[in-house]
Structure formats: C-alpha cells, structure tokens
Amino acid sequence: MEHLSLSHFLVVGGLLFCFGLMTVLTRRNAVAMLMGIELILNGANVNLVAFNHYVAGGLSGQIFALFVIVLAAAEAAVGLAIILAIYQMIRTIDTANIASLRQ
Amino acid sequence: MEHALQHLGPLAVTPVGYLWLIPFFPLLGAVINTTCGWWLQRKYGKRIIHTIAVASMVCSFAVGCVAFAKMLGLPGEERFLQNTLWTVLAAGPVQVDLAFALDPLGMMMVLVVTGIGTLIHIFSVGYMAEDPAYWRFFAYLNLFIFSMLLLVMGDNFVVMFFGWEGVGLCSYLLIAFWYADPAKAAAGMKAFVVNRIGDFGFILGLFLLFWGLGGAWQETPGGKLAYQPIAAGQQVRIIADRVAADGAIPIHEESVVEVGPTFNFRQLRDQVVVQTTGVAQRLLHQKLFGFSLLAIVGILLFVGAMGKSAQLPLYVWLPDAMAGPTPVSALIHAATMVTAGVYMVARLNFIFALSPTAMGWVALIGALTALLAASIGFFQYDIKKVLAYSTVSQLGFMFIGVGVGAYWAGAYHLLTHAFFKAALFLGSGSVILACHHEQDMRKMGGLGKYMPTTQKTYLWACIAIAGFPIAGGFYSKDEILWKAFSQPHMALLGMPAAWLGPLIYLIGIITATGTAFYMFRSYYMTFTGEYRDGQGHDDAHAHGHTPKESPLSITSVLVVLASGAVLASLIGLPAAWTNQPPILEHFLEPSLPATVHFAEHPRWMEWAFQIIGVSAGAIGWLFARFLYLDGKSPVPAQLLQRWKRGWTVVYNKYYVDEIYEATVVRGSLVLARILSWIDSRLVDGVVNLAGEVTRLFANLDGAIDKYIVDGAVNLVANSTIAAGRGLRRVQTGRIQTYLYGALAGALVVVLLNFLIR
Amino acid sequence: MHTNLVVFYLLALAAVVGAAGVPMSKNIFWSAMGLLSALVGVGGLYVLLSADFLAVTQLLVYIGGVLVLIIFAVMLTSQIKEIEVSNQNVGLSSGAILFFVTGTLLSYVAIWAPWKVVLRPESHETSAAIGNGLLGTWLLPFEVASVVLLATLIGAIVVARKEIKED
C-alpha cells in the first residue's frame, strides 16, 4: 500500500462520475436520472476538494464545492417539483413517454 | 420544175415597229370581254360585246393590210418584216425573244386568219344571238385569234409553240362551249388530249433539232451515243454578190450568219440554207440510232402536225369537235387551227426537203388520211360530220402537197380550202339555224327554195371543193397532185421509193372523186327535193314550220366567202396556162427556199393530168346527182341493203374510236390506276412511315423527359425527403439520446486528442 | 499513514458501491439507498481531505435535504408495487460500454498524470475561513447563489402551485 495520494481521490471521483453518467443514460425513471445527476455532481465535488487539498492552497476548491452543493440542492428542488407536476399530469414519469419534443 | 433561188444568202430583215399590234387587238378584246363581259352584257346588252370583238378583229386586219402593203413595196428578197419586243429568256445557247416576224408565208396566213376571222365574228353575231353566254363566246373567239396569230407570226419556235398550245386550249374551250352537256364536254377533252399527244412529238422533234444544231452524236465503241457540242458563237461570213432590183450593178454584200443551236426561224433558215455554213451537210450525215437525224426530226415534228391538223391516226378529235357551235367549226376546224400543221411544215420546208424519208412519210400519211376520211364521209347523215371528214380529207391533200415538196401548192390549197370550207360550214350553220338546230340531212331537203342565198353559196363552194376549174379548189388540188406524181425522190424508212409519187397521185385522184361525190350528196340531200321537215329516214312526226333565209349578217358573210373561193383561183393560175409562175407561188418564193427537184415532164402531160382531175370530179358529181337529186331515187336505199355489212363498218368510222377506247384509253386508265395505287401505298406509305418515325421519336423524347429528366428532379426531392425523415429520428425528444450524443462526441474528441498526442 | 489509507478505502468502498447501486438496482428505492451510501461516503472523504465544514454541509444539505426530497419524490411518483415497471433500464449494454470507456480514461489520467502535489500535512478547521471568504473574496457568488435560491424557491412554489390549482 502506498501513501494516500491525489490519485486515489481522483479515481473515486471518476468512478462516481461514471456511475452517475451511467445512471442518467440508462435509467428511464426521471427521479433516477436526478439521482444520477447528484452522483455526477458529487464526483466533481470530490475532485475539487481533492485538488484543493493536494495541489492548490487556500479554500477555493472548498468554496467551489460548497456552491456546487447549494446549487445542486436548488436544482434538485426545482427538478423534483417539475417531476411531480408531470406526474400529476400524465401519471407516469417514464421518460420514454415524455418525448413530446420528438419530431 | 426547180424552185431554186438564184442565190441562197441570209435573209435581209426589215424592222417594223407595229407588228405586235396585230395580235394585240384580239388579245385586248379577249381581256375586256373576259373580265367585264358578263357585267357589260347585263348592263348594255349584247351589242357592246360583239362591237368590241368585231372591232378588235377589224383593227387587227387593218394593221395586217398595212403590213401587207409595206411588204409589197419591198423587193422580193427583203420581204421579212420583224418586230422584237423584248428578250424573254437568255441562258447559254438558248435565247428566246418575244418577237414577231412576217415573211410572205406568214403574211398570207395572217390575212387569212384575220380576214376570215373577222367574217366569222360577224357571222357569230347572228348565229349566237340567242345564247346567254354571248360574252364568253366572243372572248374565246378573240383569244383564239390571238393564239393563232402568235403561232403564225412567231419569230421563233417558242412563241410559235405558245400559240400552238394556245389554239389547242381555245379549241377545247370553244368545242366544249356548251359544257353542261357531258357529251360536248367530252368532245372538248378529246380534242385537247389528242392534241397534247401530238404536241409531245412536236417538242421532241424540236429538242432533237436544237441539239442537232448544237453538236453531233458519235457512236462510241460501247454502242452508246456520245454528244459532242460544237464551239459556241461560231460565225460564218457570207459574201454575196447580189443583183439589185434595177439589175445593173451587182451589189457586194457582206453579212454574217451565226452558227449554233437556236430557236429562231430566221437563224435556223440561214444556217441550213446557206451552203457555206456546212450546217446542212452536217445535219444530212448525222445519224441517230441508225436513222438519219433529219428524218427523225421531220417525223416527230409531223407528229405534232398530225395532232393539230387531224391526220391519221390522231384525227379522231375533229369529227367529235362538231359538238361546238358552227362558227367554231368554221373558224377553227376549217380555216385556221387545223392548218397550223401545214403552216409549220411549210415554214420548215428547208428541213423537210433535206430528208426524203420525212417527205415520204408526210405525203403518205396525208394521202391515206385523205382517202380514209373521204370514205367515211360517204355515208354520214349529220351535215357537220360530212364537212368534218371533208376537212380531214382536204388536210390530207395539203400534207400531200407539202410532203412531196410542193410547198406553195400546199399553202395555196390551205388558202382556197379556208374560203370554201368556211363557206360550207357557215352555210351548214345557216341551214341548221333555219331548221331549228336540226343537223340530220335526212330531215332536210328542198331548202333551196326557202334559202336561195345559202343554196347558191353552198353550191359554189361545192364546185370549188370538187375541183372544177371555175373555182379555186381545182388549181390548188391539181398542182398538188401533179407535183406528187412528179416527185421521184421520196423515201420510205430510208429506202428510196420512186413509186411513192405516182401511188400518192392515184390515191389523190380516187379521193378527189370521192370528195366530189359526198359533197354533192350533201348538197342534193339538203337543198333539193322536198322539205322533209323532220320526216327523215326513221322519224314520223313533222315539226310544222317552214324554214326561212337567215339574217343579213349571215348571208353576207356567205356571199363574201363564196366569192373569195372563186376569186382565189386567180392567184394560182398554173404556168401551163399563162407561161408565168402563178402569182402566189412567186409571192411565197422567199419563204420557201428549199431546193426540191421534181421530175421533168412534157407540157402535154400536165394538160392531160388536169383533164383527168376534172373528169374525176365530174364522175363523182354525176354519181351523186344520180343517186341523190331530189331525194327520189331508190338506189341509195337498195345499195345500202345490199352492202349492209360494209356500209355499217364505214358508217361507224371503221370503229377507230372504239379501237382507241379499248386500247389506248383503257391502257391509260389502267396505268393511271396503277400509279395511283403506287402513290397511295408506296409514296404515301413512305410519307406515313416518316410520320410514324417522327411520332416514335417524339414518344421517345417524351419518355426520356418524363422518366429520366423528371425522374432526376424527383429523385432529388425524394432523397431530400428521405434524408429528412431519417434525420428526424435523431430528435427523439428523449434526454438520454441527446446526452448520449453529447457524451459520445466529447469522448471522441478527448480520445482523439489523447491518442494523437 | 496507514490509518488514513484504511479509512479511505472504507469510505471509498461505501461511496463506490453505493454509486454502483444507483444505476443497477431494479428497485428505485434501493437506488435511493445507494445514493445515500454514496453521499455518506463522500462526506467522510471530505473529512479526510480536511474539509470539515464541507463534510457537515454535505451531510446536512445533501443527505438531509436533497436525498430526503428525492425519497419523497420516489414515494410519490413510482408505483413501488410493480417493481419491474418502475425501474426499467434502457440500453444497459451501451451504458456499460460508455462507463468502461469513460472510467478507464479517467482512471488512467488520474493515475498516470504527473500531478504537482503540494504536501500540507496540517489540517485545521475551515469554518471561520469559509465564512470570511464568503463575505469577503467570494461575496459576489454568494449573493448570486442567494438570488438563485430565491428564484428556485419561487419557481418551485409556482410549479407546484399550478398543479394544486388545477386540481
């Protein structure tokens, strides 16, 4: 075992990102998609904080991550409100059925 | 006797400016009556029509007399009046002018045509008085005179041919004047078609002559003929010493004769007649397909004369031509048109005289025609038909004359015949009018006491035609037959036939007997005995009217013509009587330069032959008198019963018309039908094929346009639509798809970047 | 340090396993639980990275707020009874491929890239510094973020309200 280094954290962040991406791309449930987005954001956060700790000094990474969290929360709120509204309307949140922009 | 000229030099030409007026006046009359005639007649009556027509004739005759006077004032060798209007056609060796020329022969013809023409116009005033198409008749008459004058006065073959065709046309128009009757219209057509056949021969002869003048044919080793033209524009200088009119000092003259192909009569005459040009020698020795060129030319030209002057075998139109009004028969078929053939042969005497074969041919045909026509005339009942066959027969005599080389005699007979035949025809017209358009002699008779003037003039004309010395016919006929007998140099088919002359004489004498017979038969049947008034041979009802003498316009003309027939004897008194050449012969001498050698016979033979001629006429007269005087003799009927079969054949004109119908006419119709089939099937087939091919191409073009061109356009449109349809599927409306796309793109970029680095 | 490594691997395991469960669970509720695990793991990793304030914020906001919201939404919208219907995956194979590709790429970069690492052993609390920073250097983002939150608030209310009204 080597020292705990930046790479470890980056790998973890990357894995989180990939899982989140996979979720977004493969799930039909809108809420699951949202969950995937959260995972992506978290993966990005991990990277940010890791870099902040190992490479850059100061707090910029952490502040950045903080704002990400805030905005993620806001976006989750609005997104879920929309999903709920859609659900009220058509009683399903299967994105396959919500393709009204389809040509 | 030799009729050689002292010198045979080129003609001296006297230019005269007013010759064109002679044909112009009748043309003017014709044009006025054609364009305005119907209207004029309606507005002013018939008077103005005949005034225009007769006045134009009189003016024409007057100018002719002026020209005649001028001609008489010139010395013999210079009697060639010429008037050129303008050049119609000039192309290489061919030069055609609209030009008129009068030499003595032409002058005689012009006076005959205009003089007798005027008389017949006057006659027509009375004869056609009741016809509504009065204006048309006089228009046609004037047109005919115009064409005839062109024919006679033409300076070259082309103008003459124009007139030649014109008289053919006018004869058609006039014969078929009452065209509403199909039989009359058919007669007109027959005349025109038969004429046309003759014209074809004429043109061939003309072309051969033209080519013969312009070069020579040689037989190449391959058996073909090669034509070698002579150099153009050759000229031969003629130097002649001429004795002047006052006889003392010889006049040294230089003149130039152009040698080469030409249509001009004078140039033709000069080339052939003047020995130093060598043209005559060349033509004499020229052979074409083994026959002498001149013989072929002469025969072909004579074919034209055969058609126009109704000789064997093209005479069939003339009897049918009696369907036209009587003045037409008198003018055209007695005095003028039918004489065109004789005139033509006389005009070209120097050509014919060079070829014994042509001469023999002309004379023989003339003799046979004379005999045949006379025989048919024996038994005809229609008075006009009798006269028609008589015309054919007399034309035969004229051709005997010009055939044996007695050119002036033929022309003289033309002159006398014009007078007495016109008198006979117009007399018959007068008779027909008096009997209310009855033409069958069996229904006439005894007209002498009703129509004395007509009877007397008819009698004198019969005397003339029968050949009694007191009237003109004797002199001309006698001269012709005497010369025929004295002509040993004729040939048949290239072989000399010295016996042909006497044979023709024999035929002529027999024909003369026959002529006297049937003419007096017609006279006795018509004018003596009792008026049968419709009670003819097989008719039982009477018409109940008495004939009366015709009006003055008719009888005056008859008197003039009969007198002319008698007085014409004066200008032809034979040398045997007066020890001088006959006046007419001397007059016509400059026109007839041909040297024809007749056999010399003692003077007493000539007297003897004259007596034989008179006797022949007397025999014929007596027979007719015996059989037909007063119509009382039963002998004609008995003879008819006895020789019924022979009589039927002759009466039916030897079935010549029927033979022609079965062979030539049917053949032509069959040929026409075949050609029509060819045209409708083959020619039209080819045309239709072209049409079909065009349609096929058009369809092909359309298909190309529809499928390929439009297809390409449609292809573009359709592919755009398909592309759109395909690309539309990208817009799924699903987030995942878009994300996929974005991510895939980003990955590709990164990977590329990564890998390339 | 040895302990750090072990702790790290534990936390990383929790995070990754949880994250793996999100796309792969048939039951959406289990996905939510996976997300919970991932979030918790990430919070712990923050601590290891000396971001204490951030860790707590993560726990409070993300887990306490967002995850709860998500679970609410899950409960309200899915028919849990029909488990298969509620969590149908689409295009798993292409997603897996993509995952592997991306994952490999990122890992490769993460491991083999020559990062310029600055070693700072000490770790101190960051709350005060963050607070000062928010009202100092990063005042503008702070204010903007607050505006955004306000907009979010109003927006969410409007969207939700409409639905209620139409009922």
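Q: What should I know about the conventions here?
A: This is a predicted model, in which local features need pLDDT of at least 70 and side-chain atom pairs count only at pLDDT 80 or more, while totals for chains, interfaces and linings use all residues. Residues are numbered from 1 along each chain as its sequence is written, chains are lettered from A and ligands numbered from 1 in the order in which they are written, and side-chain values use heavy atoms, with hydrogens and water left out.

Q: How much area do chain C and chain A bury between them?
A: About 6,600 Å², with 78% of it on carbon and sulfur atoms. Buried area here is the accessible area (1.4 Å probe) that two parts lose on being put together, summed over both.

Q: How many residues does the contact take from each of them?
A: Chain C gives 77 residues and chain A gives 69, where contact means heavy atoms within 4.5 Å.

Q: And salt bridges or polar contacts between chain C and chain A, how many?
A: The count is 0 salt bridges (a side-chain nitrogen of Lys or Arg within 4 Å of a carboxyl oxygen of Asp or Glu). There are 11 residue pairs in polar contact, both at pLDDT 80 or more. A polar contact is a pair of N or O atoms within 3.5 Å; within protein, one must be able to donate a hydrogen and the other to accept it, and residues adjacent in sequence count only if both atoms are side-chain atoms.

Q: Which helix supplies the largest share of the side of chain C that touches chain A?
A: α3(C), with 13 residues. Helices are DSSP runs (H or I, at least four residues), numbered from the N terminus.

Q: How does that side of chain C divide by class?
A: Into 55 nonpolar, 18 polar and 4 charged residues. Ala, Val, Leu, Ile, Met, Phe, Trp, Tyr, Cys and Pro count as nonpolar, Asp, Glu, Lys and Arg as charged, and the others, Gly among them, as polar.

Q: Now chain C and chain B: what is the buried area?
A: About 670 Å², of which carbon and sulfur atoms give 82%. The contact takes 9 residues from chain C and 7 from chain B. Across this interface the rules find 0 salt bridges and 0 residue pairs in polar contact, both at pLDDT 80 or more.

Q: What does Asp199(B) form a salt bridge with?
A: Arg196(B), the closest N and O atoms being 3.4 Å apart. Both lie in helix α6 (residues 182–214) of chain B, 3 residues apart, about one turn of the helix. Over all chains the count comes to 7 salt bridges.

Q: Where is the cis peptide bond?
A: Between Leu312(B) and Pro313(B), with omega about -10°. Pro313(B) lies in the loop between α9 (293–308) and α10 (317–320) of chain B. Ala310(B) lies in the loop between α9 and α10 of chain B, and Ala310(B) has a positive phi of about 55° although it is not a glycine.

Conventions. Helices (H or I, at least four residues) and strands (E, at least two) are DSSP runs, numbered from the N terminus.
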